[in-house]
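Open the model in your viewer and keep the sequence panel beside it. The tour goes from one selection to the next and says what is found at each stop.

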Number of protein chains: 2
Amino acid sequence: MTKPKAVILTSGGLDSTTVLAMAVREGFECYTLSFDYGQRHKVELAAAQECAEAYGSREHKVVTLDLRTIGGSALTDDRIDVPEAETDDIPVTYVPARNTIFLSIALGWAEVLGAADIFLGVNAVDYSGYPDCRPEYIKAYERMANLATRAGVEGQKLRIHTPLMDLSKADIIRRGQALGVDYRMTVSCYQANEHGEACGRCDSCRLRRLGFEQAGVPDQTRYYG
Amino acid sequence: MTKPKAVILTSGGLDSTTVLAMAVREGFECYTLSFDYGQRHKVELAAAQECAEAYGSREHKVVTLDLRTIGGSALTDDRIDVPEAETDDIPVTYVPARNTIFLSIALGWAEVLGAADIFLGVNAVDYSGYPDCRPEYIKAYERMANLATRAGVEGQKLRIHTPLMDLSKADIIRRGQALGVDYRMTVSCYQANEHGEACGRCDSCRLRRLGFEQAGVPDQTRYYG
C-alpha cells in the first residue's frame with residue numbers, strides 16, 4: 001500500500017522535530033520544509049536538515065524567502081533586540097504572519113506533491129502569546145486552504161495537523177522520547193551561536209529548560225551562557 | 001487628516017496597476033509589494049516598479065521568494081511549456097497557492113506598517129480557472145487573516161479588497177482609463193521578452209487584447225509575435 005504523503009514544517013527545533021517523528025509513526029511519507037527567511041539563528045537550518053534525515057524525511061527542501069524586507073521582528077530585524085525578560089504582550093520575537101506565510105508555501109508544495117496533509121508544530125499552551133498559534137486560527141487556515149487549491153476544488157480534503165496544540169513542553173518531550181528523538185540534535189534558542197549552543201536566557205530557552213525539568217528528562221542542551 | 005495605509009499587490013500587469021490607481025483614488029496611502037519568485041517573465045518586475053512610481057506608491061518593495069524550489073507551474077518550472085491553446089481545466093500556468101503565499105507576505109508587511117487594508121487584483125470573470133481567484137476564497141482568507149495577526153487580536157478589522165472581482169477585462173480597462181492609467185507601461189504576457197514586448201498568443205495576451213477590443217480602446221501593447 002502506498003503511504004499518504006504529508007508536508008512537515010521543520011525548523012530544527014524541539015517541537016517540529018517531535019512532530020516529524022509523530023507523522024512518520026502515523027504512517028505518512030514525510031516531506032520536510034524549512035525556510036531561510038533571514039533569521040538570526042541560521043544554525044537552525046543545519047539542525048533542520050540533520051533532523052529531517054535522522055527522522056525519516058523522504059525529501060527535505062529549504063525555501064529562500066527574505067522576510068528582512070518587511071522587518072518588524074527581533075528575529076529578522078537587527079535593530080530590535082531579543083528580550084530576556086517575560087512579557088504579557090505579544091513579544092517582539094513574533095514574526096508578523098510567519099505561520100501564515102510558512103503554511104502557504106507548504107500548501108503550494110503539498111499541491112505539487114499531491115499531498116493532503118500538512119503538519120505544523122504550534123502549541124497553544126506554551127505559545128508565547130503569538131496569535132497564529134491558536135486553534136481557531138488553524139481551523140480558519142484549513143478552511144481557506146480548501147478553497148485555495150486545485151485539490152480543494154476537486155474535493156480532496158486538505159488537513160492541517162497540529163499534534164502538539166494541547167501539550168505542555170514536558171508532554172512534548174515525553175512523547176518525543178518515546179519515539180526515540182534525540183533532542184541534542186535540535187536547536188530552540190533564538191540566539192544560538194554558530195555551534196548550535198544555546199543562550200539559556202531567551203523565552204525559547206526558558207520554556208525548553210523548564211520542559212525538561214517538568215518531564216523529568218535530563219536536559220542535554222549545550223549552553224554557551 | 002492622516003490617510004489610512006494600504007498594501008497593494010502589484011505585478012506590473014494591467015489589473016494590479018488599475019487596482020493601485022483605484023486605491024490611491026479611494027484615499028489610501030499606498031505601499032506596493034512585488035515578488036521576485038523565479039518567474040520566467042522578470043520584465044514584469046521592472047514594470048511593477050515603474051507603475052508603482054507613476055501611480056502614487058509611497059514605498060515599493062520586492063520580496064525575493066524562490067518558488068522554483070517547489071515547482072509545479074509553467075510560470076516557474078522551465079520543464080513545463082506555456083500553453084497557447086485554451087483549456088477547460090485549471091491551466092498549467094497556475095502557480096500552486098500563489099495568491100495565498102503573496103497575500104500572506106502582504107499581511108506580514110501590513111502588520112509591520114499598521115495597515116488594515118490589502119488590495120489584490122483578482123478577478124472572477126476572466127480568471128482563467130484559478131481556484132484562488134474566487135470570492136469565496138477571498139472571504140475565507142480575510143477571516144483567517146483576522147485571526148492570524150496582532151491587529152486582529154486587538155480588534156482592528158483587516159480587509160482584503162478585490163475591486164476587480166466582478167469586472168470584465170473591458171470594464172477594468174475603462175476604469176483605468178478614467179483614472180489616467182497608461183497601459184503601455186504594463187506587462188501582462190506570460191512570456192514577454194526582455195524589452196517588455198508581448199507574445200500575443202498566451203492566455204494572458206488573449207484576454208488582454210480582447211479586453212481592449214471590447215472596451216473600444218486602442219491596444220497600444222507592443223507585440224513581438
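Start by selecting K61(A). Apart from its neighbours within four places in sequence, K61(A) is in contact with L33(A) and T69(B); two residues are in contact if their C-beta atoms, placed from the backbone, lie within 7 Å.

A note on the model and its labels comes next. This is a predicted model, in which local features need pLDDT of at least 70 and side-chain atom pairs count only at pLDDT 80 or more, while totals for chains, interfaces and linings use all residues. Residues are numbered from 1 along each chain as its sequence is written, and chains are lettered from A and ligands numbered from 1 in the order in which they are written.

Stay with K61(A). A residue is buried with 20 or more other C-beta atoms within 10 Å of its own, exposed with 12 or fewer, and partly exposed in between, the C-beta atoms being placed from the backbone.

K61(A) belongs to strand β3 of chain A. Helices (H or I, at least four residues) and strands (E, at least two) are DSSP runs, numbered from the N terminus. Select β2 (residues 29-36) of chain A as well: β2 and β3(A) pair in the parallel sense over 7 bridges. Strands count as paired if DSSP finds at least two bridges between them. Within β3(A), H60(A) stands opposite T32(A).

The open sheet has 5 strands in the order β3-β2-β1-β4-β5 (chain A), with parallel pairing. At its edges are β3 and β5 (159-161) of chain A, each pairing on one side only. From one strand to the next the twist averages 25°. Helix α2 (residues 43-54) of chain A packs on the sheet and touches β2 and β3 of chain A, its direction making about 165° with that of β3(A). Axes here are lines fitted to C-alpha atoms, for helices over the stretch in contact, and angles run from 0 to 180 degrees between N-to-C directions.

Select all of chain A. Its secondary structure comes to 7 helices and 5 strands, and buried residues make up 51% of its 225 residues.

Next, show where the two chains meet. How many residues does each chain bring to the contact? Chain A gives 36 residues and chain B gives 36 residues. On the side of chain A, β3 (57-64), α3 (98-113), α4 (135-148) and α5 (150-153) each give two or more residues. α3(A) gives the most, with 9 residues.

Move to chain B and select helix α2 (residues 43-54). This helix has 12 residues. Which residues of α2(B) are buried? They are E44(B), A47(B), A48(B), C51(B) and A52(B). They lie on the same side of α2(B) because they cover an arc of only 135° around the axis, the arc being that of the directions from the helix axis to the C-beta atoms. Their cover includes α1 (14-25), β2 (29-36) and β3 (57-64) of chain B. After α2(B) comes G56(B), with a positive phi near 95°.

Finish at strand β1 (residues 5-9) of chain B, where 4 of 5 residues are buried. β1(B) runs parallel to β2(B), joined by 5 bridges.

How values were computed: Expected span 1.5 Å × (residues − 1).
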